[in-house]
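Grab your viewer and work along.

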Amino acid sequence: MDEAIAGPEARALIEIRRLVPGDAPAYVAFRLAALAVHPAAFTSSAEEERMRPLSWAEARIRDPARPDDFILGAFAGERLAGTAGLKRGVRPKERHKATLFGMAVAQEAGGRGIGGLLVDRLVAEARAVPGLLQVGLTVSEGNAAAERLYAARGFVVFGREPRGVIVDGVPIAKLHMALMLDAPAAGG
């Protein structure tokens, strides 16, 4: 296990920043590993992601036409240990909301608060976007750790989609959660 991630002061050694196109190779490798380890947690599959060119990841990381969209990376030294993205609605009637996507923490970095750091930073940046009023997400039912993480930050469940995804023939419900950015911050 990487000492930069495993030590008791691990949170202090983590840098959270927006990914840039040069991070695309690390992002692709990280994402493929997350999809392989936790296939039920994501709507995308490792198989479909492997088919995408590196240019797809570069464009996803930084689309100049969409300045309010971004992907955060949690770095332990040079190593990408977690990701979380924000995608704002495109259509005029949906510009007030965004979606948190691609939230993942490397398996060997779990339990060290990195997920919380990512979500906290994402929410802080979302609050700074003019006109953005809410952030939504989906979480696979039964992913108790993710449900707790989001709930602790003020996200509330507003719906349950039966058979939201089917992974290896097994239907998995998706819980829809939202955080109202114009409400007081969780814990405050």
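**Exercise 1.** How many residues does helix α2 have, and how far does it reach from its first C-alpha to its last?

*Solution.* Please note that this is a predicted model, where local features need pLDDT of at least 70, side-chain atom pairs count only at pLDDT 80 or more, and totals for chains, interfaces and linings use all residues. Residues are numbered from 1 along each chain as its sequence is written, and side-chain values use heavy atoms, leaving out hydrogens and water.

Helices are DSSP runs (H or I, at least four residues), strands likewise (E, at least two), numbered from the N terminus. Helix α2 spans residues 24-37, which is 14 residues, and reaches 20 Å. That is close to the 20 Å expected at 1.5 Å a residue, taking 1.5 Å times one less than the number of residues.

**Exercise 2.** Find the buried residues of α2 and what they pack against.

*Solution.* Buried means under 20% relative accessible area (1.4 Å probe, protein chains only). In α2 the buried residues are A24, Y27, F30, R31, A34 and L35. They lie on the same side of α2 because they cover an arc of only 130 degrees around the axis, taken from the directions from the helix axis to the C-beta atoms. Their packing partners (heavy atoms within 4.5 Å) are α3, α4, β2, β3 and β4.

**Exercise 3.** Characterise the aromatic pair that a search of the whole structure finds.

*Solution.* Y150 and F155 pair (centres within 6.5 Å; planes under 30 degrees stacked, over 60 edge-to-face, the rest tilted). Their centres are 5.7 Å apart with 65 degrees between the planes, so the pair is edge-to-face. Y150 is buried at 6%, and F155 is buried at 2%.

Conventions: Phe/Tyr/Trp six-rings, centres within 6.5 Å; stacked < 30°, edge-to-face > 60°. Buried < 20%, exposed > 50% of the residue type's maximum accessible area, 1.4 Å probe, protein only.
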